[in-house]
Amino acid sequence: MSAFFRIERMLVTRGSHVLYDEVFHAGVNIIHGSNGSGKSTIADFIFFGLGGDLKDWKASASRAEQVYIQLITKSGTLSLRRDVATEGGRPMSIYFGTLDEALSSPKESWQTLPYRRPDHGYSFSQVLFNAIGLPESISDGGSNITMHQLLRLLYVDQLTPVQRIFRVENFDTWQTRQAVGDLLSGVGGYDLYEKQIALRETEKLYGAAVTEYRSLVVVASGYGENILSEHISATIEKVSNERTGLLSSIDELVSASEQATEHADLKKMRSDAIKEYNLARRSVAQLIDEIEVIEYEISDAEDFIKHLGQSLSDFDDASTTFFALGHLAFEYCPSCFAPVTPKDEAHCQLCDTKRVDGADDSRTLAVRLDLQMQLKESESLQVDRLQELSQKKSTLRVARQVLKRASSTIELGQSGMVTGRESAIAELSRKVGFIDSQLEGLQKRLELAKKIQAASDAKEDLNTRVTRLKAEIEAILRAQGKRKLEAYTLISNETKAFLDKDLQEHSDFGEVDNVSFEFSGDWIAINGEKNRAGSASGMVILKNSFAAGLLSASLLDKRFNLPRWMLFDNVEDKGMVEERSWNFQRLLVDLSKRSKTPHQIIYTTSKIAPELDQQDLVVGRQYQRAARSLN
């Protein structure tokens, strides 16, 4: 089954008061009533409840506090809840089951997910994409394609200029529109989207690697040209040998002294040396302990990640087996082995719980998403641990050099007493102290040089991966050329079919030879002329015909990712005559009746075609200004 969703019920509340509660059905759903009766408000609630980003609410909608939608998807039944607010980017709460079950369940049963993709976990768009059967996608600049972006093409609203394909918004790019159009047209496959996601992440890492490399080089420039690890290591060895010679000379001078009188300055030197040594020793010991803990966590996490990966694989195998075999009838209880009493076919044969259509799919989706989220978060945390381990080890090397210097100072203080040769010893000690400081600086420079080399290697590796991914994506795009031509041609032909059936006495298109369009440019052309029409109502027909043609193409070609759903809120906008609106409504109903593919069409109208005012087509009552859609 291709990508799919259908609204089964929508509930709008204010506290405990129900403002709207209606059941929707497969096929055509008509919301009708006089102008100003709140039809567009219902359409906005549908858009928002499914994940659209809506901040400017109509006055009648401001009374609402929550919107609930029961949604049937390719993967089972979900219940969605969003709080109405004027701030954008609102989160969504999801319950894996029916709305009746959700409303009677504790708050903890709902999963609240953010609008934007977090560093750890999922956004609600990712969960809905997974449930609907859509590949995860990206648009230009690494921003994610969300439910909001999809609904901009699936919701034909009244406020957007009629010459536009997509619902208008302030911050829009042609790359986003192209990505959405190609995604829903089935032009891009899973391989392309996976590589695009990988390219986005790799380019992000490459940018960070370049920034880090440049920053390190700027820091290193203060040391001059001699920043190579080989040069620094050679200098460290040379200076260390010099230090050893100085310490040997001090030992000889101290050993040659015949008598000693311990002075206050010697005591202070010993006291300071011991304090410095103890501090350095504790620092080294603490770092060693922290490294051991991190290494243990890394090892433990690696086992857990393997376990999660295996669990996910086993779960998918078990799910496939379950749905292949169907519900099993147990003769004996698997816990106590007592005979199981036969149950009603509509109930579980073990626990006697009544089955709900889609509930098994919903629970399966919930468990799989939970495992995927745990795996993704665990892998992300493991990367952080590895980075922390590398940083700790680098810090430990410097700390050990400080400890070594402190230890040498203590040895010097304990090597003997002050003699008449103290002047010479003091001079040699000063040189040793200078060398110790020099060694500490060299060790830091060595660590910096290692970081620069590592950053350079990482930068080059990432650049190679970016180049390879771009080449692979380019090859996929070339291979998709045929599919794009097929999909776009089908959309054009289906749009033309709707325009050809427009009432000729009202049509201002003339002879329609062909229809062309561009998602990225957000335009439709008749016979090569963009947005050509002689009247505003004609532009409405053109826009609606394109949306209907897009839906019709998805019903004919299972390779489309459009979820077989469309919402129209302007079928008679811009002064359209009644007969012309009725004709388009009949075309939508005829399209629905002819299709064997599960789908849902929702449209609002103030001029319902008389024969369509039927219970199996209309949702809710007829709304009036005195009896609006919201109670």
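A contact is defined here as a pair of heavy atoms within 4.5 Å. By this criterion, and with residues up to four places away in sequence left out, I94 touches L78, S79, L80, S109, W110, Q111, L113, F124, V127 and L128.

Confidence was examined along the chain. The mean pLDDT is 82, and 81% of the residues reach 70 or more. Over residues 258-262, the pLDDT is below 50, and this stretch has 7 contacts in the model beyond near neighbours in sequence. Residues 416-420 likewise stay under 50 in pLDDT, and the model has 13 contacts for them beyond four places in sequence. Where pLDDT is low, the predicted coordinates should not be read in detail.

Helix α11 covers residues 481-500 and thus has 20 residues. From its first C-alpha to its last the helix reaches 28 Å, close to the 28 Å expected at 1.5 Å a residue. Buried positions in α11 are R483, A487, Y488, I491, S492, E494, T495, F498 and L499. Because these residues cover an arc of only 165° around the axis, they are placed on the same side of α11. An α-helix has 3.6 residues a turn, so residues three or four places apart point the same way. K482 and L485, on the other side of α11, are exposed. The packing partners of the buried residues of α11 are α5 (174-184), β9, β10, α12 and α13 (578-594).

D522 is found in the loop between β9 (515-518) and β10 (523-526). Its phi is near 65°, a positive value in a residue other than glycine. D522 counts as buried because its relative accessibility is 4%, which falls under the 20% cut-off. N527 lies in the loop between β10 and β11 (529-530) and has a positive phi of about 55°, although N527 is not a glycine. With a relative accessibility of 26%, N527 counts as partly exposed, since this value lies between the limits of 20% and 50%.

N29 is located in strand β3, residues 27-32. At 0% relative accessibility, N29 counts as buried. The side chain of N29 reaches the backbone oxygen of H25 at 2.8 Å. Beyond residues up to four places away in sequence, N29 touches F24, Q600, I601, I602, Y603, L617 and V619.

D457 has its place in helix α10, which runs over residues 422-479. Its relative accessibility of 45% is the reason why D457 counts as partly exposed. Although D457 and A209 are 248 residues apart along the chain, their C-alpha atoms are separated by 9.5 Å.

Methods:
Residues are numbered from 1 along each chain as its sequence is written. This is a predicted model: local features need pLDDT of at least 70, side-chain atom pairs count only at pLDDT 80 or more; totals for chains, interfaces and linings use all residues. Side-chain values use heavy atoms; hydrogens and water are left out. Helices (H or I, at least four residues) and strands (E, at least two) are DSSP runs, numbered from the N terminus. Buried means under 20% relative accessible area, exposed over 50%, partly exposed in between (1.4 Å probe, protein chains only). pLDDT is the predictor's confidence in each residue, from 0 to 100. A polar contact is a pair of N or O atoms within 3.5 Å; within protein, one must be able to donate a hydrogen and the other to accept it, and residues adjacent in sequence count only if both atoms are side-chain atoms. The expected span of a helix is 1.5 Å times one less than its number of residues. The arc is that of the directions from the helix axis to the C-beta atoms.
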